[in-house]
Amino acid sequence: LALTVAGIVASVAGFWGLVATDGVGSNALWGIVGGVGMVLCMVGLGLARWQSRHRGSSTTSLPPAAGRRLGLGIACIALACLTPIPFDRRQRLPILTWTADGLRPIIAVAAAIVGLALAVRAALPSLRDKVRPAGVIKTVLFALYSGVLVMTITICFLQLTTVQALRAIAMLVLTGTGLSLLMVARGIAGKTSKQWQLIIGLVVTAAIIVLAFLIRADASAVRFRTGLFGAMMIGAAIILGNTLLEFLMEKRTSADLHADRLGHKLQLIGGSMAAIGLVIRLVWSNLSPEHAAAVKAAGGSVGKNVLRETVVWWIIVAAIGAYVLVKTRWGNWIFAVGGNKDAARAVGVPANQVKVGLFVTVSLCGCLAGTLIALRYGTVQANQGTGLEFEYIIAAVVGGCLLTGGYGSVIGAGLGSAIMAISVLGVQTTNWNSDGRFAFLGGVLLLAVLVNNFTRKKAQEAR
(Lines give C-alpha, C1' and ligand atoms only; values in the text may rest on other atoms or scores of the structure.)
Protein backbone atom coordinates (compact mmCIF):
# COMPACT_ATOMS: atom_id res chain seq x y z
CA LEU A 1 0.00 0.00 0.00
CA ALA A 2 2.83 2.40 0.83
CA LEU A 3 4.56 1.73 -2.49
CA THR A 4 1.29 2.15 -4.40
CA VAL A 5 0.38 5.43 -2.70
CA ALA A 6 3.92 6.76 -3.16
CA GLY A 7 3.84 5.75 -6.82
CA ILE A 8 0.49 7.46 -7.44
CA VAL A 9 1.65 10.63 -5.69
CA ALA A 10 4.92 10.66 -7.67
CA SER A 11 3.12 10.04 -10.98
CA VAL A 12 0.64 12.84 -10.37
CA ALA A 13 3.43 15.17 -9.24
CA GLY A 14 5.51 14.33 -12.30
CA PHE A 15 2.58 14.97 -14.65
CA TRP A 16 1.78 18.26 -12.92
CA GLY A 17 5.41 19.32 -13.06
CA LEU A 18 5.67 18.57 -16.80
CA VAL A 19 2.56 20.64 -17.48
CA ALA A 20 3.39 23.54 -15.17
CA THR A 21 7.09 24.00 -16.00
CA ASP A 22 9.26 24.29 -19.08
CA GLY A 23 12.91 23.77 -19.92
CA VAL A 24 15.18 20.77 -20.42
CA GLY A 25 16.23 20.47 -16.79
CA SER A 26 12.72 20.66 -15.34
CA ASN A 27 11.34 18.30 -17.98
CA ALA A 28 14.03 15.73 -17.19
CA LEU A 29 13.47 16.08 -13.42
CA TRP A 30 9.69 15.74 -13.50
CA GLY A 31 9.87 13.04 -16.17
CA ILE A 32 12.10 10.94 -13.91
CA VAL A 33 9.74 11.55 -10.98
CA GLY A 34 6.73 10.45 -13.02
CA GLY A 35 8.52 7.39 -14.42
CA VAL A 36 9.73 6.23 -11.00
CA GLY A 37 6.22 6.80 -9.64
CA MET A 38 4.69 4.66 -12.37
CA VAL A 39 7.14 1.82 -11.66
CA LEU A 40 6.50 2.03 -7.91
CA CYS A 41 2.75 1.98 -8.52
CA MET A 42 3.00 -1.13 -10.70
CA VAL A 43 5.20 -3.00 -8.22
CA GLY A 44 3.07 -1.92 -5.26
CA LEU A 45 -0.16 -3.09 -6.87
CA GLY A 46 1.49 -6.38 -7.80
CA LEU A 47 2.81 -7.01 -4.30
CA ALA A 48 -0.59 -6.17 -2.85
CA ARG A 49 -2.33 -8.66 -5.11
CA TRP A 50 0.04 -11.64 -5.40
CA GLN A 51 2.51 -13.51 -3.24
CA SER A 52 6.22 -12.83 -3.31
CA ARG A 53 8.54 -15.19 -5.15
CA HIS A 54 10.61 -17.75 -3.29
CA ARG A 55 14.24 -16.78 -3.76
CA GLY A 56 15.54 -20.37 -3.96
CA SER A 57 13.21 -21.46 -6.76
CA SER A 58 15.58 -20.63 -9.62
CA THR A 59 19.16 -21.23 -10.65
CA THR A 60 21.88 -18.63 -11.16
CA SER A 61 23.20 -19.87 -14.52
CA LEU A 62 22.27 -18.25 -17.83
CA PRO A 63 20.78 -20.66 -20.40
CA PRO A 64 22.93 -20.91 -23.56
CA ALA A 65 20.01 -19.94 -25.83
CA ALA A 66 19.39 -16.80 -23.77
CA GLY A 67 23.12 -16.01 -23.73
CA ARG A 68 23.37 -16.15 -27.53
CA ARG A 69 20.36 -13.89 -27.97
CA LEU A 70 21.65 -11.53 -25.31
CA GLY A 71 24.98 -11.16 -27.10
CA LEU A 72 23.37 -10.69 -30.52
CA GLY A 73 20.87 -8.20 -29.11
CA ILE A 74 23.58 -6.08 -27.48
CA ALA A 75 25.59 -6.20 -30.73
CA CYS A 76 22.57 -5.01 -32.76
CA ILE A 77 21.91 -2.14 -30.33
CA ALA A 78 25.59 -1.14 -30.46
CA LEU A 79 25.55 -1.15 -34.27
CA ALA A 80 22.36 0.93 -34.25
CA CYS A 81 24.09 3.50 -32.05
CA LEU A 82 27.12 3.55 -34.37
CA THR A 83 25.08 3.80 -37.61
CA PRO A 84 24.85 7.65 -37.57
CA ILE A 85 28.64 7.93 -37.69
CA PRO A 86 29.34 6.75 -41.28
CA PHE A 87 26.04 7.99 -42.77
CA ASP A 88 25.05 11.63 -42.88
CA ARG A 89 21.34 12.27 -42.31
CA ARG A 90 21.48 15.23 -44.72
CA GLN A 91 22.92 13.15 -47.59
CA ARG A 92 20.19 12.49 -50.19
CA LEU A 93 22.28 10.90 -52.93
CA PRO A 94 21.39 7.34 -53.97
CA ILE A 95 23.57 4.78 -52.26
CA LEU A 96 24.97 3.44 -55.53
CA THR A 97 25.97 6.95 -56.60
CA TRP A 98 27.36 7.78 -53.18
CA THR A 99 29.70 4.77 -53.05
CA ALA A 100 33.09 4.65 -54.76
CA ASP A 101 33.28 3.56 -58.41
CA GLY A 102 35.45 0.55 -57.63
CA LEU A 103 33.09 -0.66 -54.93
CA ARG A 104 30.02 -1.00 -57.16
CA PRO A 105 31.22 -4.06 -59.15
CA ILE A 106 32.24 -5.70 -55.88
CA ILE A 107 28.74 -5.18 -54.47
CA ALA A 108 27.15 -6.63 -57.61
CA VAL A 109 29.42 -9.70 -57.62
CA ALA A 110 28.89 -10.27 -53.90
CA ALA A 111 25.10 -10.13 -54.36
CA ALA A 112 25.30 -12.61 -57.25
CA ILE A 113 27.42 -15.00 -55.16
CA VAL A 114 24.90 -14.82 -52.31
CA GLY A 115 22.09 -15.67 -54.74
CA LEU A 116 24.06 -18.61 -56.15
CA ALA A 117 24.86 -19.90 -52.66
CA LEU A 118 21.23 -19.72 -51.55
CA ALA A 119 20.01 -21.52 -54.67
CA VAL A 120 22.62 -24.29 -54.39
CA ARG A 121 21.84 -24.77 -50.73
CA ALA A 122 18.13 -25.10 -51.49
CA ALA A 123 18.70 -27.56 -54.35
CA LEU A 124 21.35 -29.81 -52.75
CA PRO A 125 18.91 -32.00 -50.73
CA SER A 126 17.15 -33.10 -53.93
CA LEU A 127 20.48 -33.98 -55.62
CA ARG A 128 21.80 -36.07 -52.75
CA ASP A 129 19.21 -38.78 -53.22
CA LYS A 130 19.88 -39.42 -56.90
CA VAL A 131 22.10 -37.46 -59.24
CA ARG A 132 20.61 -37.01 -62.71
CA PRO A 133 21.91 -34.93 -65.62
CA ALA A 134 18.57 -33.15 -65.92
CA GLY A 135 18.58 -32.36 -62.22
CA VAL A 136 22.11 -30.99 -62.39
CA ILE A 137 21.23 -28.78 -65.37
CA LYS A 138 18.08 -27.57 -63.62
CA THR A 139 20.10 -26.76 -60.49
CA VAL A 140 22.71 -24.83 -62.47
CA LEU A 141 20.06 -22.80 -64.31
CA PHE A 142 18.19 -22.13 -61.08
CA ALA A 143 21.41 -21.01 -59.39
CA LEU A 144 22.25 -18.65 -62.27
CA TYR A 145 18.74 -17.23 -62.26
CA SER A 146 18.86 -16.71 -58.48
CA GLY A 147 22.23 -15.00 -58.71
CA VAL A 148 21.05 -12.60 -61.40
CA LEU A 149 17.81 -11.95 -59.52
CA VAL A 150 19.52 -11.18 -56.21
CA MET A 151 22.07 -8.97 -57.97
CA THR A 152 19.32 -7.05 -59.80
CA ILE A 153 17.28 -6.57 -56.64
CA THR A 154 20.34 -5.35 -54.74
CA ILE A 155 21.37 -2.87 -57.43
CA CYS A 156 17.81 -1.54 -57.77
CA PHE A 157 17.52 -1.11 -54.02
CA LEU A 158 20.83 0.73 -53.81
CA GLN A 159 19.89 2.99 -56.71
CA LEU A 160 16.38 3.78 -55.45
CA THR A 161 17.36 4.30 -51.80
CA THR A 162 19.18 7.38 -50.58
CA VAL A 163 21.88 7.43 -47.93
CA GLN A 164 19.45 9.20 -45.61
CA ALA A 165 16.84 6.48 -46.11
CA LEU A 166 19.42 3.68 -45.67
CA ARG A 167 20.51 5.28 -42.42
CA ALA A 168 16.95 5.32 -41.11
CA ILE A 169 16.26 1.77 -42.31
CA ALA A 170 19.48 0.45 -40.75
CA MET A 171 18.77 2.09 -37.40
CA LEU A 172 15.17 0.85 -37.41
CA VAL A 173 16.05 -2.74 -38.36
CA LEU A 174 18.98 -3.00 -35.97
CA THR A 175 17.02 -1.45 -33.11
CA GLY A 176 13.97 -3.65 -33.67
CA THR A 177 16.07 -6.81 -34.06
CA GLY A 178 18.20 -6.02 -31.01
CA LEU A 179 15.27 -5.28 -28.72
CA SER A 180 13.38 -8.35 -29.95
CA LEU A 181 16.39 -10.58 -29.26
CA LEU A 182 16.81 -9.08 -25.79
CA MET A 183 13.14 -9.58 -24.95
CA VAL A 184 13.27 -13.19 -26.16
CA ALA A 185 16.42 -13.73 -24.09
CA ARG A 186 14.62 -12.31 -21.05
CA GLY A 187 11.74 -14.73 -21.57
CA ILE A 188 14.05 -17.75 -21.93
CA ALA A 189 16.11 -16.77 -18.90
CA GLY A 190 12.96 -16.26 -16.81
CA LYS A 191 12.09 -19.96 -17.05
CA THR A 192 15.18 -21.06 -15.12
CA SER A 193 16.95 -18.03 -13.63
CA LYS A 194 15.06 -15.03 -12.28
CA GLN A 195 18.32 -13.23 -11.51
CA TRP A 196 19.32 -13.27 -15.16
CA GLN A 197 15.79 -12.29 -16.12
CA LEU A 198 16.17 -9.18 -13.96
CA ILE A 199 19.61 -8.41 -15.42
CA ILE A 200 18.44 -8.77 -19.03
CA GLY A 201 15.33 -6.70 -18.28
CA LEU A 202 17.53 -3.92 -16.91
CA VAL A 203 19.69 -4.19 -20.06
CA VAL A 204 16.57 -3.78 -22.24
CA THR A 205 15.51 -0.72 -20.24
CA ALA A 206 18.98 0.81 -20.48
CA ALA A 207 19.12 0.10 -24.24
CA ILE A 208 15.81 1.89 -24.84
CA ILE A 209 16.95 4.89 -22.77
CA VAL A 210 20.27 5.09 -24.65
CA LEU A 211 18.50 4.88 -28.01
CA ALA A 212 16.01 7.55 -26.93
CA PHE A 213 18.77 10.00 -26.04
CA LEU A 214 20.65 9.10 -29.23
CA ILE A 215 17.61 9.89 -31.37
CA ARG A 216 16.96 13.08 -29.42
CA ALA A 217 20.54 14.26 -29.90
CA ASP A 218 20.71 13.29 -33.58
CA ALA A 219 17.27 14.23 -34.93
CA SER A 220 16.33 17.72 -36.01
CA ALA A 221 12.56 17.18 -36.28
CA VAL A 222 10.53 18.22 -33.25
CA ARG A 223 8.34 15.11 -33.39
CA PHE A 224 11.39 12.90 -32.90
CA ARG A 225 12.99 15.07 -30.23
CA THR A 226 9.80 15.27 -28.16
CA GLY A 227 7.08 12.76 -29.06
CA LEU A 228 9.23 9.77 -29.96
CA PHE A 229 11.63 10.48 -27.10
CA GLY A 230 8.75 10.62 -24.61
CA ALA A 231 7.17 7.44 -25.98
CA MET A 232 10.46 5.54 -25.71
CA MET A 233 11.00 6.71 -22.13
CA ILE A 234 7.47 5.61 -21.19
CA GLY A 235 8.12 2.24 -22.84
CA ALA A 236 11.35 1.86 -20.87
CA ALA A 237 9.49 2.56 -17.62
CA ILE A 238 6.80 -0.01 -18.48
CA ILE A 239 9.38 -2.69 -19.31
CA LEU A 240 11.24 -1.91 -16.09
CA GLY A 241 8.06 -2.26 -14.04
CA ASN A 242 7.13 -5.50 -15.79
CA THR A 243 10.61 -6.91 -15.18
CA LEU A 244 10.45 -6.08 -11.48
CA LEU A 245 6.99 -7.65 -11.20
CA GLU A 246 8.12 -10.90 -12.82
CA PHE A 247 11.24 -10.97 -10.64
CA LEU A 248 9.45 -10.31 -7.35
CA MET A 249 6.32 -12.38 -7.87
CA GLU A 250 5.07 -15.74 -9.03
CA LYS A 251 2.86 -16.04 -12.09
CA ARG A 252 -0.57 -17.53 -11.72
CA THR A 253 -0.99 -21.20 -12.55
CA SER A 254 -4.75 -21.41 -11.93
CA ALA A 255 -7.75 -19.27 -12.76
CA ASP A 256 -9.01 -16.62 -10.36
CA LEU A 257 -12.59 -15.69 -11.23
CA HIS A 258 -12.63 -12.44 -9.25
CA ALA A 259 -9.28 -11.26 -10.61
CA ASP A 260 -10.21 -12.17 -14.18
CA ARG A 261 -13.51 -10.33 -13.94
CA LEU A 262 -11.82 -7.27 -12.45
CA GLY A 263 -9.11 -7.37 -15.12
CA HIS A 264 -11.64 -7.50 -17.93
CA LYS A 265 -13.55 -4.56 -16.47
CA LEU A 266 -10.38 -2.51 -16.14
CA GLN A 267 -9.39 -3.34 -19.72
CA LEU A 268 -12.82 -2.27 -20.98
CA ILE A 269 -12.74 0.96 -18.96
CA GLY A 270 -9.18 1.76 -20.04
CA GLY A 271 -9.86 1.06 -23.72
CA SER A 272 -13.05 3.15 -23.64
CA MET A 273 -11.28 6.07 -21.96
CA ALA A 274 -8.42 5.89 -24.47
CA ALA A 275 -10.87 5.88 -27.39
CA ILE A 276 -12.88 8.79 -25.95
CA GLY A 277 -9.71 10.76 -25.31
CA LEU A 278 -8.47 10.13 -28.84
CA VAL A 279 -11.78 11.28 -30.35
CA ILE A 280 -11.78 14.41 -28.18
CA ARG A 281 -8.18 15.16 -29.14
CA LEU A 282 -8.75 14.69 -32.86
CA VAL A 283 -12.25 16.09 -33.36
CA TRP A 284 -12.58 18.94 -30.86
CA SER A 285 -8.98 20.19 -30.62
CA ASN A 286 -8.73 23.42 -32.57
CA LEU A 287 -5.49 24.98 -33.70
CA SER A 288 -4.00 27.66 -31.49
CA PRO A 289 -4.28 31.26 -32.81
CA GLU A 290 -0.51 31.46 -33.27
CA HIS A 291 -0.41 28.20 -35.25
CA ALA A 292 -3.39 29.25 -37.36
CA ALA A 293 -1.75 32.60 -38.17
CA ALA A 294 1.48 30.85 -39.17
CA VAL A 295 -0.40 28.41 -41.44
CA LYS A 296 -2.30 31.24 -43.14
CA ALA A 297 0.90 33.23 -43.60
CA ALA A 298 2.46 30.22 -45.36
CA GLY A 299 -0.44 30.08 -47.81
CA GLY A 300 -2.33 27.18 -46.23
CA SER A 301 -5.91 26.93 -45.11
CA VAL A 302 -7.05 26.40 -41.55
CA GLY A 303 -10.23 24.48 -40.88
CA LYS A 304 -12.32 24.34 -37.77
CA ASN A 305 -10.97 21.01 -36.57
CA VAL A 306 -7.68 19.22 -36.93
CA LEU A 307 -9.38 16.01 -38.07
CA ARG A 308 -11.51 15.59 -41.17
CA GLU A 309 -14.98 14.22 -40.63
CA THR A 310 -14.21 11.41 -43.09
CA VAL A 311 -12.10 9.73 -40.41
CA VAL A 312 -15.07 9.73 -38.03
CA TRP A 313 -17.26 8.17 -40.72
CA TRP A 314 -14.56 5.56 -41.37
CA ILE A 315 -14.45 4.64 -37.68
CA ILE A 316 -18.24 4.35 -37.52
CA VAL A 317 -18.50 2.16 -40.64
CA ALA A 318 -15.60 -0.02 -39.50
CA ALA A 319 -17.18 -0.50 -36.06
CA ILE A 320 -20.52 -1.50 -37.61
CA GLY A 321 -18.81 -3.89 -40.04
CA ALA A 322 -16.74 -5.48 -37.27
CA TYR A 323 -19.82 -6.04 -35.12
CA VAL A 324 -21.81 -7.57 -37.99
CA LEU A 325 -18.96 -9.84 -39.01
CA VAL A 326 -18.19 -11.16 -35.53
CA LYS A 327 -21.43 -10.98 -33.55
CA THR A 328 -24.23 -11.77 -36.03
CA ARG A 329 -25.49 -14.74 -38.01
CA TRP A 330 -24.82 -12.85 -41.25
CA GLY A 331 -21.14 -12.64 -40.31
CA ASN A 332 -20.98 -16.40 -39.78
CA TRP A 333 -22.54 -16.87 -43.20
CA ILE A 334 -19.88 -14.62 -44.77
CA PHE A 335 -17.05 -16.70 -43.28
CA ALA A 336 -18.77 -19.93 -44.32
CA VAL A 337 -19.33 -18.83 -47.92
CA GLY A 338 -15.79 -17.47 -48.18
CA GLY A 339 -14.30 -20.71 -46.87
CA ASN A 340 -16.34 -23.21 -48.90
CA LYS A 341 -19.44 -22.07 -50.75
CA ASP A 342 -20.68 -25.57 -51.57
CA ALA A 343 -20.34 -26.77 -47.98
CA ALA A 344 -22.08 -23.62 -46.71
CA ARG A 345 -24.95 -24.11 -49.15
CA ALA A 346 -25.22 -27.75 -48.04
CA VAL A 347 -25.89 -26.73 -44.42
CA GLY A 348 -28.54 -24.19 -45.40
CA VAL A 349 -26.56 -20.95 -45.83
CA PRO A 350 -28.03 -18.77 -48.63
CA ALA A 351 -24.72 -18.39 -50.48
CA ASN A 352 -26.08 -16.41 -53.45
CA GLN A 353 -27.87 -13.92 -51.21
CA VAL A 354 -24.74 -13.48 -49.11
CA LYS A 355 -22.59 -12.72 -52.16
CA VAL A 356 -25.14 -10.27 -53.58
CA GLY A 357 -25.42 -8.60 -50.19
CA LEU A 358 -21.65 -8.22 -49.99
CA PHE A 359 -21.48 -6.64 -53.44
CA VAL A 360 -24.25 -4.22 -52.47
CA THR A 361 -22.45 -3.37 -49.21
CA VAL A 362 -19.21 -2.65 -51.05
CA SER A 363 -21.12 -0.44 -53.50
CA LEU A 364 -22.72 1.49 -50.65
CA CYS A 365 -19.33 1.98 -48.99
CA GLY A 366 -17.95 3.26 -52.29
CA CYS A 367 -20.94 5.60 -52.58
CA LEU A 368 -20.29 6.93 -49.08
CA ALA A 369 -16.59 7.48 -49.83
CA GLY A 370 -17.43 9.28 -53.10
CA THR A 371 -19.99 11.47 -51.37
CA LEU A 372 -17.51 12.47 -48.65
CA ILE A 373 -14.86 13.29 -51.28
CA ALA A 374 -17.38 15.35 -53.27
CA LEU A 375 -18.42 17.27 -50.14
CA ARG A 376 -14.78 17.90 -49.25
CA TYR A 377 -13.58 19.17 -52.63
CA GLY A 378 -16.85 20.53 -53.95
CA THR A 379 -16.37 18.68 -57.25
CA VAL A 380 -16.52 15.16 -58.67
CA GLN A 381 -13.69 13.33 -60.46
CA ALA A 382 -14.75 10.29 -62.45
CA ASN A 383 -11.28 8.73 -62.37
CA GLN A 384 -10.93 8.96 -58.57
CA GLY A 385 -9.23 5.74 -57.38
CA THR A 386 -8.68 4.35 -60.85
CA GLY A 387 -5.56 2.19 -61.00
CA LEU A 388 -5.35 1.76 -57.24
CA GLU A 389 -6.90 -1.72 -57.18
CA PHE A 390 -3.45 -3.20 -56.57
CA GLU A 391 -3.09 -1.13 -53.40
CA TYR A 392 -6.57 -2.11 -52.20
CA ILE A 393 -5.69 -5.79 -52.50
CA ILE A 394 -2.40 -5.23 -50.66
CA ALA A 395 -4.22 -3.39 -47.85
CA ALA A 396 -6.66 -6.27 -47.37
CA VAL A 397 -3.91 -8.90 -47.42
CA VAL A 398 -1.69 -6.90 -45.06
CA GLY A 399 -4.70 -6.68 -42.74
CA GLY A 400 -4.81 -10.48 -42.45
CA CYS A 401 -7.53 -11.38 -44.97
CA LEU A 402 -6.80 -14.65 -46.73
CA LEU A 403 -6.67 -14.54 -50.53
CA THR A 404 -8.58 -17.84 -50.60
CA GLY A 405 -11.37 -16.45 -48.42
CA GLY A 406 -12.94 -17.58 -45.18
CA TYR A 407 -10.65 -15.70 -42.79
CA GLY A 408 -10.15 -12.02 -41.98
CA SER A 409 -11.53 -9.07 -40.06
CA VAL A 410 -12.77 -5.54 -40.66
CA ILE A 411 -10.38 -4.11 -38.08
CA GLY A 412 -7.45 -5.89 -39.72
CA ALA A 413 -8.39 -4.53 -43.15
CA GLY A 414 -8.69 -1.04 -41.66
CA LEU A 415 -5.26 -1.32 -40.08
CA GLY A 416 -3.88 -2.62 -43.38
CA SER A 417 -5.30 0.42 -45.16
CA ALA A 418 -3.75 2.74 -42.58
CA ILE A 419 -0.39 0.98 -42.88
CA MET A 420 -0.46 1.27 -46.67
CA ALA A 421 -1.38 4.96 -46.54
CA ILE A 422 1.37 5.71 -44.04
CA SER A 423 3.88 3.70 -46.10
CA VAL A 424 3.03 5.43 -49.38
CA LEU A 425 3.18 8.88 -47.78
CA GLY A 426 6.42 7.91 -46.05
CA VAL A 427 8.04 6.99 -49.38
CA GLN A 428 7.10 10.41 -50.74
CA THR A 429 8.16 12.45 -47.71
CA THR A 430 11.57 10.75 -47.48
CA ASN A 431 12.36 11.97 -51.01
CA TRP A 432 12.89 8.49 -52.37
CA ASN A 433 12.78 7.93 -56.08
CA SER A 434 9.10 7.80 -57.07
CA ASP A 435 9.75 4.58 -58.99
CA GLY A 436 10.64 2.91 -55.72
CA ARG A 437 7.04 3.26 -54.56
CA PHE A 438 5.90 0.37 -56.74
CA ALA A 439 8.88 -1.76 -55.75
CA PHE A 440 8.02 -1.09 -52.11
CA LEU A 441 4.36 -2.04 -52.67
CA GLY A 442 5.42 -5.24 -54.44
CA GLY A 443 7.72 -6.16 -51.57
CA VAL A 444 4.96 -5.51 -49.04
CA LEU A 445 2.56 -7.68 -51.06
CA LEU A 446 5.11 -10.51 -51.29
CA LEU A 447 5.69 -10.41 -47.54
CA ALA A 448 1.95 -10.24 -46.88
CA VAL A 449 1.27 -13.26 -49.11
CA LEU A 450 3.91 -15.29 -47.26
CA VAL A 451 2.37 -14.35 -43.92
CA ASN A 452 -1.05 -14.99 -45.45
CA ASN A 453 -0.15 -18.55 -46.42
CA PHE A 454 1.32 -19.20 -42.98
CA THR A 455 -1.87 -17.88 -41.33
CA ARG A 456 -4.05 -20.04 -43.55
CA LYS A 457 -1.99 -23.11 -42.69
CA LYS A 458 -2.33 -22.45 -38.97
CA ALA A 459 -6.06 -21.80 -39.34
CA GLN A 460 -6.55 -25.09 -41.18
CA GLU A 461 -4.53 -26.95 -38.54
CA ALA A 462 -6.75 -25.43 -35.83
CA ARG A 463 -9.86 -26.72 -37.61
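Some ground rules. In this predicted model, local features need pLDDT of at least 70, side-chain atom pairs count only at pLDDT 80 or more, and totals for chains, interfaces and linings use all residues. Residues are numbered from 1 along each chain as its sequence is written, and side-chain values use heavy atoms, with hydrogens and water left out.

Aromatic rings to begin. A pair of rings is described by the distance of the centres and the angle of the planes. Rings of Phe, Tyr and Trp (its six-membered ring) pair if their centres lie within 6.5 Å. Planes under 30 degrees apart are stacked, over 60 edge-to-face, and the rest tilted. How many aromatic pairs does a search of the whole structure find? It finds 4.

Take W16 and W30. Their ring centres are 6.2 Å apart and their planes sit at 90°, so this pair is edge-to-face. It links distant parts of the chain: W16 is in helix α1 (residues 2-20), W30 in helix α2 (residues 24-49), 14 residues apart. Helices here are DSSP runs (H or I, at least four residues), numbered from the N terminus.

Are these two buried or exposed? Buried means under 20% relative accessible area, exposed over 50%, partly exposed in between, with a 1.4 Å probe and protein chains only. W16, at 56%, is exposed. W30, at 22%, is partly exposed.

Next, W330 and W333. This pair is tilted, with 5.8 Å between centres and 55° between planes. Both sit in helix α13 (residues 329-339), 3 residues apart, so about one helical turn separates them. W330 is partly exposed at 32%.

Axes are lines fitted to C-alpha atoms, over the stretch in contact, and angles run from 0 to 180 degrees between N-to-C directions. Contact means heavy atoms within 4.5 Å. W330 and W333 are among the α13 residues there, and A351 and L358 among those of α15.

Last, α8 (residues 194-218) and α9 (residues 222-248). They pack at about 175°, axes 9 Å apart. That makes them roughly antiparallel (over 145 degrees). One more detail: R216 lies over the face of F229, 5.6 Å from the ring centre. The rule is CZ of Arg within 6 Å of the ring centre and within 35 degrees of the ring normal.

Terms used: Helix = DSSP H or I, 4+ residues; strand = E, 2+ residues; numbered from the N terminus. Parallel < 35°, antiparallel > 145°, perpendicular 65-115°, else oblique.
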